[in-house]
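Keep the viewer open as you read.

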Amino acid sequence: MACVVAAAIAAIVAEAFRAPGERMPIGPLGAIGLIGAAVASFLLWDHHAVSFGVVSADNYALFVTFILIAVGLLSLALAGPVIERQGLPVGEYYALLLFSLGGMILMAMATDLIVIFLALEVLSIGVYVLTGIRRDSPASVEAAFKYFLLGAFASAFFLYGIAFTYGVTGSTRLDRIGTVIAAQAMSPSPMQLLAMGLLFVGFAFKVAAVPFHMWTPDAYEGAPPSVTGFMSTGVKAAAFAAFARVFLSALAPMHGEWSHVVWVIAAMTMILGTVVGVAQTSVKRMLAYSSIAHSGYLLVALLSANSSGKSAILFYLATYALTNLGAFGVIGLLEQRDAANDQLTDYAGLWYTQPVLAALMTVFLLSLGGFPPFGGFIAKWFIFTSAIEAGQTWLAIIGVLTSVVSVFFYLRVIVQMYMTSSTAPLRLPPVPLVAGVALVASAIGVLYLGVLPAQVIDWAAASIGTIF
Amino acid sequence: MSFPILTSLVVLPIVGALALFALRDEEENERAIQIFSLVVAIAVFAVTLLLWARFDSASADFQFVEHHAWIPSFGISYNVGIDGISLLLIVLTGFLTPIALLCSWESVHKKTRAFCMAVLLLEAAMIGVFVSLDLFLFYVFWDAMLIPMYFLIGIWGYDRRIYASLKFLLYTMAGSVLMLLAILGLAWLHQTTAGSYSFDLLALYSLPIPEHLQFWFFLAFALAFAIKVPLFPFHTWLPDAHVEAPTAGSVILAGVLLKMGTYGLVRFAFPLFPAAATFFAPYLAFLAVVGIIYGALVAMVQPDMKKLVAYSSVSHLGFVVLGIATLNTQGVQGAVYQMLNHGISTGGLFLIVGMLSDRRHTRLISEYGGLKLVTPHLVAAFLIITLSSIGLPGLNGFVGEFLILLGTFAWNPKFAVCAATGVILSATYMLWMFQRVNYGTVSEKNRALPDLKPREWALLVPVIALAILMGVLPNLFLRPIAPSVERMLEQVRRGAPVEANASGRDVTPRAGN
């Protein structure tokens, strides 16, 4: 129900301004729609509304919805300068963004595999187009094409997974699947394993887990930075929400089977994401690999599958959303019409010319690297707590060591900004007010989550405690 | 509820740093920024002295305790309090920060406001480390401290500053993340045995930890602290960081940051895991002795004064670790005392080297010579601080080293003999450097060097006065330390296996101590 409310608001608003011409204040309309969705979700908190038995606005879904709404609002605010500078079609941009956001929210709330698939497609198609929205840029088109092809494959895998699951259990409803699987005392049939594996591939692709991460660096680099920020946070949050819901509720009885696979994938994702990240010279690609690594940390929490692991996923997604959007927001502001300015060397001496932007970027990077007193530290701590609780000591050790490696590449940007002087300093137009406010707001959010995380941790725990 | 004096100590520098935003970072504001931050730092020092005045030296308990829930669902609390060991280290921090700020007045002209903010934030984090009684809080301060120090070295350092700052940060972090896991493991153990999460140090002190876990936890903690100290063979970041850091950075690094490693051993690693600590103590002592001799030998051949002092730190900190490893009263008391000494004398040496390099823009010993004729006052101060670093009786260094060697001798004479050669070696390299810099013929380039300016007098006089005071009246400083050290040793003994107690480790305090 809430889903319908939220998605409809998003969709209607989006529809509404597709018709009017270019000069309408479209962004604020979208923002109003999102705030409406936020109010609706707030009112639905603790009501556990269910529609048609396939969409459930439980607190877990609502928590993710809040994250997604924040992602949406920040993306809207940060998109403005990019759209203007690149001459992107305004109406389409916002409409696609809101549509895919609607898909994400639906994905977080879906309790039926078919609905999850629908939501997945809704969000994916929007994001594919957004990736390629710079039609005249070969890099952008290439990125969109790659993303689309690989994404279509992954969707096919996912769909096969649904089909096999239906074949084994006779249902696509998560609760019924769970009951059927739990009822089988014996080890699962090969068919069931296959179904699970296919579903896993579909999700792993969306969250950019190794070895299904190939599209990530290209898509992140090719897309306009505001889109990259949106998809790196929104898609990840939605996909992980559904991932966790499917694997921790319906497939929870098979934890023994999938945990080994997830262990290996999580370790590989963390290691590859950080190690390859070190070699990047483009900040966008570097953040793409960092995003892969962060998926690895989230997989650790998923694998731990205990109560702190579950709330750790939610807390991590919230922190990561704020942090990464902020970082891409800064990148978006540095980009110019004729120059991407996303090479490490472009950041040289930024602190001397743009001290505020540099300081904000520093906050986001240090938070991504997991330094206190920023949110990223608490998020990582939470994940490692869950890993230790689950007895996954080795995974935790890999996790902390890779996070040290990742600090190295985050610091490379800081080195450039603070410790290198630039021969040709960037000439930037003044920062638009809305984007500036959005950046400062996310920085404050990151700091809040780092210094006073108790409230949000309790919410996360409460919201996940109600379902599984 | 009484006034939250410890919180105010942490908050005051942060507020001061934030208040600096009110002053625009421009040339004409430079002096105002410097004066304001100096005033803040002196105010913090005054509060630390007030803390000392109100501290009950006879008690071994944690005092001025404040306790507030922070993340209650995981038993994490804002829990601060101090005992005699942390008290003096806090006073040392308060003492060295204004000096670090003042010594940069002439040498830092780039982004002065950010520099002062970094120093003040660093001070807040350092005090935070010393007051934390909650392991999570401790870790937060411990890691947060790296950021301002990283920027201090990386922005205001010398030529190879980027390499040095990165090395410093990654080294320290690599050690400390494993400690984080050990902390999490401890809290989880508390959850499984006592039913609730807790990061409270006092609760964890009384937690029975199985020996195999103690083993791993101790290794994780000890690695983090050994890198920080730095104990041989984890010391390689130190010479780079010291040499490339600006003088203020070196003073704080040597004076306070290195002490956090040894403080961590005394406060966390040893009392939390007594069985593992008694098992590993001889190995730590061995590394410490190797470090003492190795550091001294390497210091001897350094052409660069700053590097020489940096390696001398490796050697001196080896004494501190050795003293802690003895696990008897004299050894540990001496170790704590030596932590303070090293902060004073090495901080002083870095000040002097900084003054010389401000004048000549080189730190190579061979560039100097005959300074005694040119700058007699500077050389006199240099001499006193050199002697205090060597450990001349009557100055501070002697008391600490003597106590440590006494304790070591009672525990294991072999270690004591080897370590004592370090004392001789330190006299050699320090005096040799002193001789090459200050005696001999004056080269043309050095002839016009100015002597101490009033600002530099203001820097050196307190350092020298404290060196003499600590040498003449050691009991003033040992009094608050003693009960806390006893409590810590008691803690270790209670948890240590019986056979270790029987093997003569338990030395009763002797007369005259």
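F148(A) sits in helix α6 of chain A, which covers residues 138-169. This is a predicted model, and in it F148(A) comes out as partly exposed because its relative accessibility is 40%, between the 20% and 50% cut-offs. If you're wondering about the spacing of residues on a helix, an α-helix has 3.6 residues a turn, so residues three or four places apart point the same way.

Another partly exposed residue of chain A is I125(A), with a relative accessible area of 45%. You'll find I125(A) in helix α5, residues 113-131.

Now for helix α12 of chain A, residues 283-304. Its 22 residues span 32 Å from first C-alpha to last, close to the 32 Å expected at 1.5 Å a residue. Is α12(A) enclosed or open? It is largely enclosed by the rest of the structure, since 22 of its 22 residues are buried. At the start, a side-chain oxygen of S282(A) comes to within 3.3 Å of the backbone nitrogen of K284(A). After the helix comes A305(A), with a positive phi near 55°.

Positive phi turns up in chain B as well. F64(B), which is not a glycine, has a phi of about 55°, and F64(B) belongs to strand β1, residues 63-71. H361(B), also a residue other than glycine, has a positive phi near 55°. H361(B) is in the loop between α14 (329-360) and α15 (371-374) of chain B, and with a relative accessible area of 69% it counts as exposed.

Next, the cis peptide bonds. In chain A, one joins P372(A) and P373(A), with omega about 0°; P373(A) is in the loop between α15 (355-369) and α16 (375-389). In chain B, another joins F232(B) and P233(B), with omega about 5°. The loop between α9 (211-228) and α10 (237-244) of chain B holds P233(B).

Finally, how many disulfides does a search of the whole structure find? The count over all chains is 0. For C116(B), the nearest cysteine sulfur belongs to C103(B) and is 11 Å away. C116(B) is buried because its relative accessible area is 2%, whereas C418(B), at 34% relative accessibility, is partly exposed.

Definitions and conventions:
Residues are numbered from 1 along each chain as its sequence is written. Chains are lettered from A and ligands numbered from 1 in the order in which they are written. This is a predicted model: local features need pLDDT of at least 70, side-chain atom pairs count only at pLDDT 80 or more; totals for chains, interfaces and linings use all residues. Side-chain values use heavy atoms; hydrogens and water are left out. Helices (H or I, at least four residues) and strands (E, at least two) are DSSP runs, numbered from the N terminus. The expected span of a helix is 1.5 Å times one less than its number of residues. Buried means under 20% relative accessible area, exposed over 50%, partly exposed in between (1.4 Å probe, protein chains only). A polar contact is a pair of N or O atoms within 3.5 Å; within protein, one must be able to donate a hydrogen and the other to accept it, and residues adjacent in sequence count only if both atoms are side-chain atoms. A disulfide is a pair of cysteine sulfur atoms within 2.5 Å.
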